[in-house]
Amino acid sequence: MKTKLKVIFLNLDLVLTSAVLTVLVGLTCISVFSRYIFFRPIVWLEEVQLWCMVWLVYLGAGAVYRNGGHIAIEILVESFPKKVQRIIAAAVNVLMVFILLFLMVQGGRLVGQMLNTGRATSYTKVPYALIYSAVPVGCFLMICNMLAELYQLWKGGSDEDTADRERGQDV
């Protein structure tokens, strides 16, 4: 049961990103049909699509990181032995956790500022605090992913390293 909850929690960003992407695609289809087929554009759809894009970026960053989709120049790191690669990966993750903590705090301050000013969007009157809360939420989910990876590195390496050990390769 613990591993099932762990899998659900660590994939929460992927589930939420998928939901937001589905909403974005659906709204875009509705927007195209209303504008070009019915000649009656729905003016508030563009606003909602922009919110979806903001949430998509911040929620999806953790899932992209976990799957190794971020741009990286690995030629130098891959020239080191596996143990040194794990140390470098751990150092990078620790640095990224601190950077994300800073961004999460600053994003929280921005959300607080939006709450204090009561700013809302033009058409739908949704508080900007709700939209900008994507920053601290996304940073928190990325930190969770990085801490999980750090735990794997601390525990003895990644799943690839375990597979290498089983094949008898140097780790």
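Buried means under 20% relative accessible area, exposed means over 50%, and partly exposed is in between, with a 1.4 Å probe and protein chains only. With that in hand, let us walk through the protein above. This is a predicted model, in which local features need pLDDT of at least 70, side-chain atom pairs count only at pLDDT 80 or more, and totals for chains, interfaces and linings use all residues. Residues are numbered from 1 along each chain as its sequence is written, and side-chain values use heavy atoms, leaving out hydrogens and water.

**Overall form**

You will find eight helices and zero strands here, where helices (H or I, at least four residues) and strands (E, at least two) are DSSP runs numbered from the N terminus. The radius of gyration is 21 Å, well over the 16 Å that the globule rule gives for 171 residues, so the protein is more spread out than a compact globule. That radius is taken over C-alpha atoms, and the globule rule is 2.2 Å times the number of residues to the power 0.38. The C-alpha trace spans about 65 × 40 × 40 Å along its principal axes. Of the 171 residues, 30% count as buried.

**The cores**

A nonpolar core is a set of buried Ala, Val, Leu, Ile, Met, Phe, Trp, Tyr and Cys residues joined through side-chain atoms within 4.5 Å. The largest one has 13 residues, and Val20, Leu27, Val48, Trp51, Cys52, Trp55 and Leu59 have the most contacts inside it. Helices α2 (12-37), α3 (44-66) and α7 (134-155) each supply at least two residues of this core, with the largest share, six residues, coming from α3. Cys52 is in contact (heavy atoms within 4.5 Å) with Val20, Val23, Leu24 and Leu27, leaving aside its neighbours within four places in sequence. Apart from this core lies another, of nine residues, including Val97, Met142, Ile143 and Met146.

Neither Phe39 nor Lys125 is a glycine, yet each has a positive phi.
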